[in-house]
Amino acid sequence: MSARTDTVSLTIPRAQEFFPLFNMLLGGIATRRDLSLEALDDLQLAVDNVILEDRGSTDDLFLAVTLEEDALEIVISPLSDPDLHSTLVHGAVSVDAADRCIDVCLLLSPLVDRYVVRDLDSGTFALELRKLLR
Amino acid sequence: MDIGSADVNTEQMPLQARMGNAPEKELLRRIHREADTAAREELITRYLPLVRSLARRFSSRGQPVEDLIQVGSIGLIKAIDRFDIERGVELSTYATPTILGEIKRYFRDKGWAVKVPRALQDLNIRLNRIIEQLTVEFNRSPTIAELAEACDVSEEEVLEALESGRAYNSLSLFSSGSPDDEDSLELLDYLGREDDEYKLVEQRRYLAPAMGRLDERERLILHLRFFEGMTQTQIAARVGISQMHVSRLIRKSIEVLRHHMVDQDGIPPDTSG
């Protein structure tokens with residue numbers, strides 16, 4: 001029998017004043033999983049940076065956190081910035097975007113244990129972040 | 001806030017009207033050589049649209065634009081009073097950074113970017129101390145539950161206070177250093193020894209052009225976190241500051257870099273949606 005997983009999700013307008021709500025959600029999860037403040041800060045920083053690097057879209061933002069036995073799985077969608085997509089898929093900022101993009105892969109590497117890009121039918125994409133609970 | 005009634009004398013309006021077509025240099029000459037207050041008021045009036053324009057660039061940062069216009073007006077008055085007519089530059093060239101500087105100083109002094117209840121501000125301050133104490137005591141970063149117990153508040157209150165603390169920290173974008181940089185002098189010695197190591201950051205493609213915006217300690221911390229993979233707690237021990245301070249500096253540094261890349265003149269973009 002597989003271990004039970006629960007998912008908590010939140011959709012917010014894409015406006016900076018609402019971004020802290022994602023941090024509060026992550027904080028609530030971290031509290032229930034007894035994560036350290038530092039681990040929580042890593043997750044919040046990772047999510048913050050992904051959102052801030054996804055420029056140009058006006059779609060609402062969706063965050064889902066799935067609590068597994070030994071990990072947290074975080075999904076952020078819909079994302080649409082082509083530079084962000086390219087950076088995440090290729091693992092580095094392309095040369096022609098180096099002057100306008102933060103290397104999100106470099107930021108994510110020490111903050112989460114794994115990240116995966118999922119292309120969506122709408123032409124947008126989702127980013128899955130995985131953080132092991134140690 | 002009041003910028004001072006002496007600066008806007010409505011009784012002088014007829015005189016100002018007569019000066020409406022006077023060249024700017026003539027007004028400046030009268031101000032500085034004849035202490036002509038009417039000329040000064042005319043020049044202030046002419047430049048208020050510039051103040052309004054600059055103030056609106058900060059409209060997404062949580063303060064009323066009208067307050068920012070008043071603060072910017074103080075900068076304008078300072079610029080007019082200090083302007084050296086012999087320097088051969090336009091007043092607008094001189095006034096713009098002075099107005100921006102006054103607005104940024106206002107944000108720094110104001111501290112909190114959004115309205116945060118006093119109780120949460122106080123809790124945030126307490127948390128900063130307790131996090132440091134518990135990190136030393138446990139030899140690891142504390143959990144939210146441990147912080148809540150230590151502060152005798154709910155876990156939700158801890159989360160809210162920590163989050164609201166970022167409302168303050170977001171403003172440090174404009175400061176040259178951290179607001180609690182009491183240890184900066186000691187760090188200078190330390191950083192000198194690390195010179196070769198942290199300069200490696202700049203040799204990588206990661207944000208090379210923007211890294212110059214950061215101070216030495218910020219570059220070192222980014223290097224240790226994102227290239228060396230050290231945890232915040234490890235960096236805190238190595239650099240000699242608290243884990244919370246490391247967290248703040250990382251966020252601030254990334255924010256500075258992002259703003260530099262998005263907007264080369266350093267004015268934060270409007271991300272309010």
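I call a residue buried if 20 or more other C-beta atoms, placed from the backbone, lie within 10 Å of its own, exposed if 12 or fewer, and partly exposed in between. The model is predicted, and I take local features at pLDDT of at least 70 and side-chain atom pairs at pLDDT 80 or more, while totals for chains, interfaces and linings use all residues. Residues are numbered from 1 along each chain as its sequence is written, and chains are lettered from A in the order in which they are written.

**Entry: T93(B).** I looked up T93(B) and found it exposed, because 10 other C-beta atoms lie within 10 Å. T93(B) belongs to helix α5 (residues 91–110) of chain B; helices are DSSP runs of H or I, at least four residues, numbered from the N terminus. From T93(B) to A79(B) I read 10.0 Å, C-alpha to C-alpha, at a sequence separation of 14 residues.

**Entry: α2(A) and α4(A).** I found the axes 9 Å apart and the packing angle about 165°; axes are lines fitted to C-alpha atoms over the stretch in contact, and angles run from 0 to 180 degrees between N-to-C directions. The two helices are therefore roughly antiparallel, a term for angles over 145 degrees. Residues making the contact include D42(A), L45(A) and E53(A) of α2(A), and V104(A) and L111(A) of α4(A); C-beta atoms within 7 Å define a contact.

**Entry: chains A and B.** I noted 30 residues from chain A and 31 residues from chain B in the contact. On the chain A side, α1 (19–32), α2 (37–53) and α4 (104–111) each give two or more residues, and α1(A) gives the most, with seven.

Key:
Two residues are in contact if their C-beta atoms, placed from the backbone, lie within 7 Å. Angles under 35 degrees count as roughly parallel, over 145 as roughly antiparallel, 65 to 115 as roughly perpendicular and the rest as oblique.
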